[in-house]
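Open the model in your viewer and get ready to click around.

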Amino acid sequence: MKRYRVTFLAAGAGLIALFIWNLCTGTVQISAGEAFDILLHGIKDSTQGHVIWDIRLPRILAAIVLGGALAVSGFLLQTFFGNPIAGPYILGISSGAKLTVALTMIFVISRGFQVSSLLMVVSAFVGSMIAMGFVLLVSIRVRKMSLLVVCGIMIGYICSAITDFCITFAEDSNIVNLHNWALGSFSGMSWDNVAVFTVIVLAAVVFCFFLSKPIGALQLGENYARNMGVNIRLLRVLLIVLSSVLSACVTAFAGPISFVGIAVPHLVKMSSGTAKPLVLIPGCFLGGALITLFCDGIARCAFAPTEVSVSSVTALLLAPVVIIMMVRKQEGVRE
């Protein structure tokens with residue numbers, strides 16, 4: 001059996017185990033048998049049924065779908081820049097999306113209107129594209145990837161500072177929830193939210209599959225890709241748009257989630273033993289779902305009933321992976 005198939009099977013088994021753990025564990029303890037009975041028979045009128053159907057299940061699905069989207073977004077950005085430390089969080093794309101979503105929610109809620117899921121996604125996409133535009137403008141003048149990453153981090157800090165400033169001085173009491181969202185959280189997910197971002201994310205990931213061959217050619221160099229008939233300019237535009245759509249969905253519904261988009265593609269590539277996009281795209285989605293669901297479970301249960309932000313947990317667990325990756329890359333350059 002090929003190595004990547006073993007990796008996929010192990011990740012699938014781990015995802016099932018985490019699904020059961022997240023479904024049963026929390027302030028209200030529910031046995032696995034009782035949980036499956038509630039799911040199979042559609043029991044919603046009991047306390048346990050309400051907890052599973054209205055609180056835990058939407059949150060679990062959000063962590064799976066949005067975590068996978070974030071990892072695929074990171075893979076696309078790493079392909080675009082040709083560097084494994086590129087990602088939506090590091091390059092400031094998530095912070096740009098966070099800024100526009102916060103401004104949209106403040107502006108709309110302050111006038112007594114409700115914020116629709118589609119409006120959140122559109123505003124997050126606009127913010128991510130604006131931030132990405134700044135990064136691309138900087139990349140014209142700065143060729144060194146390390147300096148480009150620093151510029152991306154600075155753009156992220158600027159966007160986060162403006163967001164925090166707006167949230168701090170917002171007068172409407174309904175905007176208090178923005179504070180928890182700005183830290184990164186899957187709590188409060190509804191089935192309407194799940195339906196919207198699942199359609200968008202799955203459509204974007206399926207589209208990525210159609211780009212597997214051009215992406216594989218680009219990985220071997222621009223000259224090789226051109227000789228294979230790949231339209232480099234169009235491919236790069238599609239990579240940016242798709243990565244922005246995926247990261248925008250995550251930020252719009254869960255806030256900024258750190259380091260998943262950077263670390264997961266690298267971990268999947270190492271564990272699967274291949275760099276083929278046809279393998280890495282589903283592998284990144286599965287790996288992102290697995291790691292994000294695990295981190296969300298820790299964020300929800302480690303200090304229950306107090307809940308920490310999932311972004312804090314992902315940073316704590318995945319930042320060392322990024323550091324090790326950068327050190328190994330530097331050692332490889334010296335050799």
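Of the 335 residues of the chain, 50% count as buried, where buried means under 20% relative accessible area, exposed means over 50%, and partly exposed is in between (1.4 Å probe, protein chains only). Before you click further: this is a predicted model, so local features need pLDDT of at least 70 and side-chain atom pairs count only at pLDDT 80 or more, while totals for chains, interfaces and linings use all residues. Residues are numbered from 1 along each chain as its sequence is written, and side-chain values use heavy atoms, with hydrogens and water left out.

**The whole chain**

Switch to cartoon view. How many helices and strands does the chain have? There are 14 helices and zero strands; these elements are DSSP runs numbered from the N terminus (helices are H or I, at least four residues; strands are E, at least two).

Among contacts in the chain with a separation of 6 or more, 77% are between residues 24 or more positions apart.

**Into the core**

Next, select Leu 66, Leu 76, Phe 81 and Phe 197. Out of the 99 residues in the largest nonpolar core, these touch the most other members. A nonpolar core here is a set of buried Ala, Val, Leu, Ile, Met, Phe, Trp, Tyr and Cys residues joined through side-chain atoms within 4.5 Å. Colour helix 3 (residues 47-81) as well: with 19 residues, helix 3 gives the most to this core. In soluble globular proteins, nonpolar side chains tend to be buried together.

Stay on Phe 197 and show what is around it. Leaving out residues up to four places away in sequence, Phe 197 touches Leu 61, Ala 62, Val 65, Leu 66, Met 189, Cys 249 and Phe 253.

**Two aromatic pairs**

The structure holds two aromatic pairs. Rings of Phe, Tyr and Trp (its six-membered ring) pair if their centres lie within 6.5 Å; planes under 30 degrees apart count as stacked, over 60 as edge-to-face and the rest as tilted.

Pick Tyr 4 and Phe 8 to see an edge-to-face pair, 6.1 Å centre to centre with 75 degrees between the planes. Both sit in helix 1 (residues 3-24), four residues apart, about one turn of the helix. Are they buried or partly exposed? Tyr 4 is partly exposed, with a relative accessible area of 23%, and Phe 8 is partly exposed at 25%.

Phe 197 lies in helix 8 (residues 191-210) and Phe 253 in helix 11, so the pair ties together parts that are 56 residues apart in sequence. Both of these Phe residues are buried.

**A charge over a ring**

Select Arg 236 and Phe 80. Arg 236 lies over the face of Phe 80, at 5.0 Å from the ring centre. To count, NZ of Lys or CZ of Arg must be within 6 Å of the ring centre and within 35 degrees of the ring normal.

**Two serines**

Zoom to Ser 128 in helix 5 (residues 117-141). Ser 128 is buried, with a relative accessible area of 0%, and its contacts include Ile 93, Gly 96 and Ser 244.

Now jump to Ser 212 in helix 9 (residues 212-219). Ser 212 counts as buried at 7% relative accessibility and touches Pro 277, Leu 278 and Ile 281, not counting residues up to four places away in sequence.

Find Phe 259 in the loop between helix 11 (232-254) and helix 12 (260-272). What is the phi of Phe 259 near? It is near 70 degrees, a positive value in a residue other than glycine. Most residues other than glycine have a negative phi.

Finish by selecting helix 13, where 19 of the 25 residues are buried.

Technical notes
Contact = heavy atoms within 4.5 Å.
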